[in-house]
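Me: Please put the model up, and then let us go through its metal sites.

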Amino acid sequence: MELFGWHERLLLRWLPGFCPLCRGRAMVGLPWCERCFRALPRNDHACWLCAVPMAEHAAAVGQRECERCQVAPGLLHQCWVPLVLQHEVEWLVRRYKSSGNLHAGRLLLELALSVLSAASPSERLESLWQCEAIVAVPPDVIRQRQRGFDHVQWLAKRLAKALGKPLLAAKRRYSVGSQRGLRREERWRNISDLFAISGPLPARVLLFDDVMTTGATLEVLARACFEAGAEWVGGLALARTPAAKHA
Ligand SMILES: [Zn+2]
Ligand SMILES: [Zn+2]
């Protein structure tokens with residue numbers, strides 16, 4: 001996985017700059033400092049199937065799935081969400097999505113992939129590298145118009161390049177208003193056939209979103225991918241909302 005082009009690697013090596021999070025001296029070869037990288041809010045000890053944070057002792061005894069996935073697993077075969085939407089991560093997401101700051105978006109992607117590579121056991125990452133194509137969550141037209149750009153697609157293009165995989169396009173069939181305040185079943189009913197994608201898809205597909213809240217969006221997109229011929233579907237998001245907001 002190559003996050004930086006040759007000219008950038010050369011620049012980072014010979015001209016280490018300043019960490020954009022604290023303005024301190026950045027590490028040689030990287031655009032951030034060690035202290036900020038270590039302090040990032042991480043989604044360690046997450047469920048392998050739905051990426052919900054689990055208690056540390058569950059991971060310590062080798063438990064891979066959360067209690068809900070043990071009883072009724074969702075459609076995703078695996079899910080990776082390396083960061084938690086708090087502190088510097090939340091600040092970067094806001095700067096990227098609300099202010100259109102592309103430098104913040106790129107930094108967010110690079111930090112998330114670096115945490116993912118550093119913190120995951122190799123057997124957990126194996127199936128991520130084996131995916132054959134990436135499908136980004138398609139935008140809500142109304143929100144995209146307000147924002148002025150497709151923020152998930154912008155990140156997905158860079159992710160696809162870093163992983164060396166093709167990026168395939170899915171379509172959103174209709175616009176969904178705010179789902180806030182709705183019960184889980186009502187939210188599901190509103191989006192159950194939200195996405196469409198033309199097949200046949202390759203066997204192993206990786207779905208991508210910037211931020212994951214309940215995981216419902218990725219589940220619905222996974223269903224569309226299975227209908228279009230995929231046999232294995234994983235999910236990757238950069239950050240997950242803190243546990244208290246999942247309900
Ligand atoms: Zn720093
Ligand atoms: Zn789970």
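Me: How are the donor residues of the zinc ion (ligand 1) spaced in sequence?
Reply: Their spacing is C-x2-C-x10-C-x2-C. Donors here are N, O and S atoms within 2.8 Å of the metal (3.2 Å for Na, K and Ca), and water is not among the atoms, so sites may look incomplete. This is a predicted model in which local features need pLDDT of at least 70, side-chain atom pairs count only at pLDDT 80 or more, and totals for chains, interfaces and linings use all residues. Residues are numbered from 1 along each chain as written, chains are lettered from A and ligands numbered from 1 in written order, and side-chain values use heavy atoms, without hydrogens and water.

Me: Which atoms are the protein donors of ligand 1?
Reply: The SG atoms of C19, C22, C33 and C36, lying 2.2 to 2.4 Å from the zinc ion. C19 is in the loop between helix 1 (6-14) and helix 2 (34-39), while C36 is in helix 2, 17 residues apart; helices are DSSP runs (H or I, at least four residues), numbered from the N terminus.

Me: Why is the arrangement around ligand 1 tetrahedral?
Reply: Because its 4 donor atoms subtend angles of 103 to 116°; four donors count as tetrahedral if all angles lie between 85 and 135 degrees.

Me: Is C19 buried or exposed?
Reply: C19 is buried, at 0% relative accessibility (buried means under 20% relative accessible area, with a 1.4 Å probe and protein chains only).

Me: Now ligand 2: which residues coordinate that zinc ion?
Reply: C47, C50, C66 and C69 do, each through SG, at 2.3 Å.

Methods:
Four donors count as tetrahedral if all angles lie between 85 and 135 degrees; four count as square planar and six as octahedral if opposite donors are over 155 degrees apart and all others between 65 and 115; anything else is irregular. Helices (H or I, at least four residues) and strands (E, at least two) are DSSP runs, numbered from the N terminus. Buried means under 20% relative accessible area, exposed over 50%, partly exposed in between (1.4 Å probe, protein chains only).
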